[in-house]
Amino acid sequence: MEYKIIKRSLDARKKQDIYFVYRVAVSVHNESSIISKKITNVESYVEAVNTDNEEKAIYDKSKKIAIIGFGPSGMFSALYFTNKDIKVTVFERGEKVENRKNSIDRFITNGVLNTESNIQFGEGGAGTWSDGKLTNRGKDIKAKYVFEEFVKAGAPEEIMYVHNPHIGTDKLIDIVRNIRLKIEQSGSIIKFNHKVSNIIPHNTGILLTVNDKEEYFDYVILATGHSARDTIEMLYNNKCNIAQKPFAVGFRIEHQQKMINKAQFGEQFNNVRLGSAEYKLTHQTSSGKGVYTFCMCPGGLVVPASSEEGMLAVNGMSEYKRDKVNANSALLVTVNEEDFNSEHPLAGIEFQRNIEKKAYVLGGSNYHAPIQTVGDFIQNKTTTKLGSVLPSYSIGVTLSNLRGIYSDEINNSFIDALSKMGNKLKGFNNSDALLTGIESRSSSPVRILRDKDTLQSTSFPNLYPTGEGAGYAGGIVSAAVDGIKVASCILKKLEIE
């Protein structure tokens, strides 16, 4: 008899009776007779396989293909081409992951920002310095491919079946490097510290300006991530069709992880098998604003996520073990055209910059983060003393009143949500829970319009916008899958009859 774990989840609805739920595929003799007995929770299992025709296709390998950006979308589109024996050229403005780590460490410890290689830019993209959450798996065969490639590159095999899989930043660094080496060994070229400063249609393809040199490509995949504001502005100035898109902004909220464990697990909060507890909370305000937690990092850290001088943004990060003192999560509210006070396609970017500038000044104009307890935020007074929750943000913090960053409507949305979320998760709105400003990079504020069938830009033929930066994904897996989708569209064009 052989077996394989298909799914593992945790049922903690009854704190006195917490247990794991497994779905297991078992290979046995006389399977049909067992199925016919209609035993409870036993059914026939057929594993999904890729049935597309790409495996059998023959391709024109003379065409030049460029990929701009080496985050999840760019990485997995390049990897997909590699597995079809198609060579590509990748341009990444940031550093390879091992050098990028050094730049990030300098920023985290000393506040020295490298605007081209940081928590947003560089090999692996923004998701590498987060928690490595792998959500939105569903039954998509392309998502299964993403998970399998992560495991081949060194990810824990458990990501194939646990309910909320994650890899952890510490492991992702090696995994990302292994994927890069596989792509390079196939003959593809990855050029780090190569910034694309101009993209224009030319003849039947695309002309790129990279490090002040022009180069022509037949097909270009644009996978720049949600923080490449200068690239978006350049495309807009070049008459590329771009639309404004709602997104979300807010804070990082921190609690002691043991408090979250107690709230979720009750008396078993110290059980090592349960690990660090997670949560996901949502609330709809009476004014119609959606408030929710996002990118929850159990046992993690709040980290600096700025990519432009004089602006402050933060994010959350966890290592694989999730064993730090605090839990943190983004606490976000949706924003749209009404909040931007403009119909301009790039109004969301300007909104982001304005609040990041306010946060930078409020923190002391040195990348120290402004912080405030939840109790003081609700009472609209500057924090002067911290309680049991101490900040994990390493550069430095400034006790502040965060109310001045956002509008009254946004602030009131948070206040309304905090009380309701406290009812759903005991202790969530404790007065000494800590807010760190600001979370502004949850998703892209724009969408680069593309044809729904060909996935090409509606204005630049043979330019394929993809992933979070283009407004078509929201996380590592969905971005990677979108990168594979655009690669598949190009492969269809390369097929030889």
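Which residue just after α2 takes a positive phi? In this predicted model, where local features need pLDDT of at least 70, side-chain atom pairs count only at pLDDT 80 or more, and totals for chains, interfaces and linings use all residues, the residue is D85, with a phi of about 60 degrees. Residues are numbered from 1 along each chain as its sequence is written, and side-chain values use heavy atoms, with hydrogens and water left out.

Helices (H or I, at least four residues) and strands (E, at least two) are DSSP runs, numbered from the N terminus. α2 has 12 residues and reaches 16 Å from its first C-alpha to its last, close to the 16 Å expected at 1.5 Å a residue, where the expected span is 1.5 Å times one less than the number of residues. Of these 12 residues, 11 are buried, with buried meaning under 20% relative accessible area, exposed over 50% and partly exposed in between (1.4 Å probe, protein chains only). Among the buried residues are P72, G74, F76, Y80 and F81. Their cover includes the strands β3, β4 (89–92) and β9, together with the helices α4, α5 and α12, contact being heavy atoms within 4.5 Å.

Leaving aside residues up to four places away in sequence, F150 touches F76, L134, A155, I159, I167, L172, I175, I179 and I476.

Two strands pair if DSSP finds at least two bridges between them. β3 and β4 pair in the parallel sense over 3 bridges, and I67 has V90 as its bridge partner in β4.

The other sheet described here is also open, with 7 strands in the order β12-β13-β16-β11-β19-β17-β18 and mixed pairing. β12 (282–284) and β18 (397–399) stand at the edges with a single partner strand each, so one side of each is left without a neighbour in the sheet. Neighbouring strands are turned by 30 degrees against each other on average, direction ignored. Within this sheet, β13 (residues 290–297) and β16 (residues 326–335) pair in the antiparallel sense over 5 bridges, and Y292 is partnered by L332 in β16. Helix α7 (residues 257–265) lies across β11 (247–256), β13 and β16, at about 95 degrees to β11. Helix α9 lies across β11, β16, β17 (369–373), β18 and β19 (434–439), at about 35 degrees to β11.

Helix α9 (347–363) is also among the elements that cover the buried residues of α6, as are β6 (196–202), β9, β10 (242–244), β20 (446–448) and β21 (463–465). In α6 (residues 229–237), the buried residues are R229, T231, I232, M234 and L235. K239 follows α6 and has a positive phi, near 75 degrees.

Aromatic contacts complete the picture. The structure holds 15 aromatic pairs; rings of Phe, Tyr and Trp (its six-membered ring) pair if their centres lie within 6.5 Å, with planes under 30 degrees apart counted as stacked, over 60 as edge-to-face and the rest as tilted. The rings of Y80 and Y145 have their centres 5.5 Å apart and their planes at 90 degrees, so the pair is edge-to-face. This pair links distant parts of the chain, with Y80 in α2 and Y145 in α4, 65 residues apart. Y80 counts as buried at 5% relative accessibility, and Y145 is buried at 14% relative accessible area. The F251 and F377 rings, with centres 5.5 Å apart and planes at 75 degrees, are likewise edge-to-face.

Conventions:
Axes are lines fitted to C-alpha atoms, for helices over the stretch in contact, and angles run from 0 to 180 degrees between N-to-C directions.
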